[in-house]
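Biologist: I would like to go through this model with you, beginning with the chain as a whole and then moving to particular sites. Shall we start?

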Amino acid sequence: MENESAQKGPASSPRPRRRGRLLLIVGMAATVVTAAVLVPLLLLKEEKREPRSLLIPEGWRSSQVYAAVDKELGVAPGTTGKAARTAHLKLPRAARGNPEGYLFPATYPVDEKTTPESLLSYMVNTAGKNFGSTPAAYRQVIIASIVQAEADTAEDMGKVARVIDNRLTRGMPLQMDSTLNYALKRSTLDTTHADTKIDTPYNTYERTGLPPTPIGNPGRQAMDATLKPPPGDWLYFVTVAPGDTRFTASYAEQRKNVEEFNANRRGASKNGG
């Protein structure tokens, strides 16, 4: 009898059964679905933006803060300044709606949902937590803003605060160039005699007491110096050269220091500095 296998001819490839065909179809479908899911995920990964933030340095005036917010958020110049007047910020009553002094210097997160109103509220609320909102606290913020503007170094902050305190106690005008600069919307070391005669509540040469508002936005360090200035009888100070601020209780000594300051300025001007 001949072998039955020989009669069937050469072996053929096995044909998939019904269950095998189903598994193959499902596997192919799964591959297609996986690819379809991966494409959107890859697109999302590419579109993911890096975290953004906005740094507000110590001492910036509100006008500088507004301009920085406008630029960071990509809105028209002046938008944040207008928002400050309508954002219902939680300011001290003494501020009368003016956020100057309460736009706390810090680094703030920014994303596509950030608005000028939300960013200003964040700054003001942070200042409120750090400074408080009582009339006494507002007065301290005014002093701290002057300390921030006048002090050359962190060490000098406490001494400047003591000078302010000593002058206020004696009923002397503060005679601070920084308050005049604020009124004149500038920043300069050169104050003329005419400048000291301008009619403004920020003229602390002509008027005693504090200016009506802060002249910038102080940081925590300036506030700490204001709250706890070191003991001293200083009534005058002048930065004769960078890193060389001299404090004294003697008017005669102050005049000598001012003369040295002026001489240094003339020398720098001649040398093109």
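This is a predicted model: local features need pLDDT of at least 70, side-chain atom pairs count only at pLDDT 80 or more; totals for chains, interfaces and linings use all residues.

Biologist: What percentage of the residues count as buried?

Modeller: The protein chain has 273 residues, of which 36% count as buried.

Biologist: And the secondary structure: how many helices and strands does the protein chain have?

Modeller: There are 10 helices and four strands. Along the sequence, their order is α-α-β-α-α-β-α-α-α-α-α-β-β-α.

Biologist: What percentage of the contacts between residues at least 6 apart in sequence join residues at least 24 apart?

Modeller: For the protein chain, that figure is 64%.

Biologist: Which element gives the most to it?

Modeller: That is α10, which provides 10 residues to the lining of the largest pocket.

Biologist: How does the lining divide into nonpolar, polar and charged residues?

Modeller: The lining of the largest pocket has 20 nonpolar residues, 19 polar residues and nine charged residues.

Biologist: What about the second largest pocket: what volume does it have, and which residues line it?

Modeller: The volume of the second largest pocket is about 200 Å³. Its lining is made up of Arg 61, Ser 62, Ser 63, Asn 98, Glu 100, Tyr 182, Ala 183, Lys 185 and Tyr 202. The elements that contribute two or more residues to this lining are α3 (62-73) and α8.

Biologist: How many residues of each class are in that lining?

Modeller: The lining of the second largest pocket contains three nonpolar, three polar and three charged residues.

Biologist: Now a single residue. Where is Asn 166, and is it buried or exposed?

Modeller: Asn 166 belongs to helix α7. Asn 166 counts as buried because its relative accessible area is 13%, and the cut-off for buried is under 20%.

Biologist: What does Asn 166 touch, leaving out residues up to four places away in sequence?

Modeller: Asn 166 touches Gly 232, Asp 233, Trp 234 and Leu 235. With Gly 232, a polar atom of the Asn 166 side chain lies 3.1 Å from the backbone oxygen.

Biologist: One more topic, the backbone. What is the phi of His 88, and of Arg 96?

Modeller: The phi of His 88 is near 55°, a positive value in a residue other than glycine. Arg 96, also not a glycine, has a positive phi of about 55°.

Biologist: Where do they lie, and are they buried or exposed?

Modeller: His 88 is in the loop between α4 (79-86) and β2 (107-110), and Arg 96 lies in the loop between α4 and β2 as well. His 88 is classed as exposed because its relative accessible area is 75%, with exposed meaning over 50%. Arg 96 is likewise exposed, at 79%.

Definitions and conventions:
Residues are numbered from 1 along each chain as its sequence is written. Side-chain values use heavy atoms; hydrogens and water are left out. Ala, Val, Leu, Ile, Met, Phe, Trp, Tyr, Cys and Pro count as nonpolar, Asp, Glu, Lys and Arg as charged, and the others, Gly among them, as polar. On a 1 Å grid over the protein atoms alone, a cavity is a set of points where a 1.4 Å probe fits but cannot get out, and a pocket is an open set with protein on both sides within 12 Å along at least five of seven lines; lining residues have an atom within 4 Å of a point. Grid points are joined across faces, edges and corners, and a volume is the space filled by probe spheres set on the points. Buried means under 20% relative accessible area, exposed over 50%, partly exposed in between (1.4 Å probe, protein chains only). A polar contact is a pair of N or O atoms within 3.5 Å; within protein, one must be able to donate a hydrogen and the other to accept it, and residues adjacent in sequence count only if both atoms are side-chain atoms. Contact means heavy atoms within 4.5 Å.
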